[in-house]
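Subject: The structure, with some notes

Hello,

Here is the structure I promised to pass on. Please open it alongside this email, and my notes follow below.

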Amino acid sequence: MRTSPMLLAPGLARRSLDEFKRFAKIAIKQEGLTVPSAPYPLLDLRDPSTIEECKTMSDADIGGFSQVSLAHIPGSDIAPPHARFHGSISTELPTNRPHIQRTGYAAWRSRDRKGTIFGKSLWDVDPYTYLGLQVKSDGRKYFVNIQTETIVPTDLHQHRLYTRRPGEWETVLIKWSDFVRTNHGVVVEPQMEMLRQKVRTIGIGLIDRIPGPFDLAIGSIWATNHPDNGPTGQREGEMKARRVEKS
């Protein structure tokens, strides 16, 4: 009697093969023993399929009136393809939900990555110093949110997304060690170092509670050890405007 071969779903097989290639690349280059020189792509928001794997959130989920959208914008002569995080903030409280005392926020994040035959898919950014983001900001108070495989699932590690040229494309670099542990927007004590070997989701939120429209463009998000290194396909000149953020 012959046993039937185990068949993998096409998506699972592809993700597992990609993960195997990544492990093999690390082993061949001995990146576990040396500092990686190449950037590690995390989210390529120039790709529409990446945006489909993200979700938006706002106070509308609890009855508020803020509006939020994350849409793909094709490339043009003046801008690369990117995701447009936009909408309008409202601090109006729902009259039929008296227990809701605070509104005025919007955010997006990547969904949990689908698993492979090696288990749950998580990003290991421990070998890297910086988180890099290619953005064009309107100057509002955005925060980068990192969720890890932690004991407290509502914990986030956050850092302000400082930009210096609103209305222009620029690259922002944030040290992984500068992120602050929070829970529901409140700094948690004692502070614990981010579990960088097990990053689950990455996202950006707007919590300045200033009523009115907002508009943030995001191209790529990656991990790197070298400020000049960006993701493959970055336009020449877009990496020249950069800033290493300090807490």
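Is Phe 214 buried or exposed? Phe 214 is buried, because its relative accessible area is 2%; buried means under 20% relative accessible area, exposed over 50%, and partly exposed in between, with a 1.4 Å probe and protein chains only.

Two notes on how to read this. This is a predicted model, in which local features need pLDDT of at least 70 and side-chain atom pairs count only at pLDDT 80 or more, while totals for chains, interfaces and linings use all residues. Residues are numbered from 1 along each chain as its sequence is written, and side-chain values use heavy atoms, with hydrogens and water left out.

The overall picture

The protein has two helices and 14 strands; these are DSSP runs numbered from the N terminus, with helices (H or I) of at least four residues and strands (E) of at least two. Of its 247 residues, 42% count as buried. Looking at contacts (heavy atoms within 4.5 Å) between residues at least 6 apart in sequence, 75% join residues at least 24 apart.

The aromatic rings

Back to Phe 214. Rings of Phe, Tyr and Trp (its six-membered ring) pair if their centres lie within 6.5 Å; planes under 30 degrees apart count as stacked, over 60 as edge-to-face and the rest as tilted. The count by this rule is four aromatic pairs. In one of them, Phe 85 and Phe 214 have ring centres 5.0 Å apart and planes at 55 degrees, so the pair is tilted. This pair links distant parts of the chain, with Phe 85 in strand 4 (residues 82-89) and Phe 214 in strand 13 (residues 212-224), 129 residues apart. Phe 85 is buried too, at a relative accessible area of 0%. Together with Tyr 142, Phe 85 and Phe 214 form one aromatic cluster.

A pocket and a threonine

The second largest pocket holds about 710 Å³ of space. Here is the rule: on a 1 Å grid over the protein atoms alone, a pocket is an open set of points where a 1.4 Å probe fits, with protein on both sides within 12 Å along at least five of seven lines, and lining residues have an atom within 4 Å of a point. Grid points are joined across faces, edges and corners, and the volume is the space filled by probe spheres set on the points. There are 26 lining residues, and the closest to the pocket centre are Tyr 105, Leu 156, Gln 158, His 184 and Gly 185. Strand 12 gives the most to the lining, with five residues.

Gln 158 also meets Thr 182: their side chains are joined by a polar contact of 2.9 Å (a pair of N or O atoms within 3.5 Å; within protein, one must be able to donate a hydrogen and the other to accept it, and residues adjacent in sequence count only if both atoms are side-chain atoms). Thr 182 lies in strand 10 (residues 180-183) and counts as buried at 5% relative accessibility.

Backbone points to look at

His 184 sits in the loop between strand 10 and strand 11. This residue has a positive phi of about 55 degrees although it is not a glycine, and at 69% relative accessibility it counts as exposed. Arg 209, in the loop between strand 12 and strand 13, also has a positive phi, of about 60 degrees. Finally, Glu 189 and Pro 190 are joined by a cis peptide bond, with omega about 0 degrees.

Best wishes
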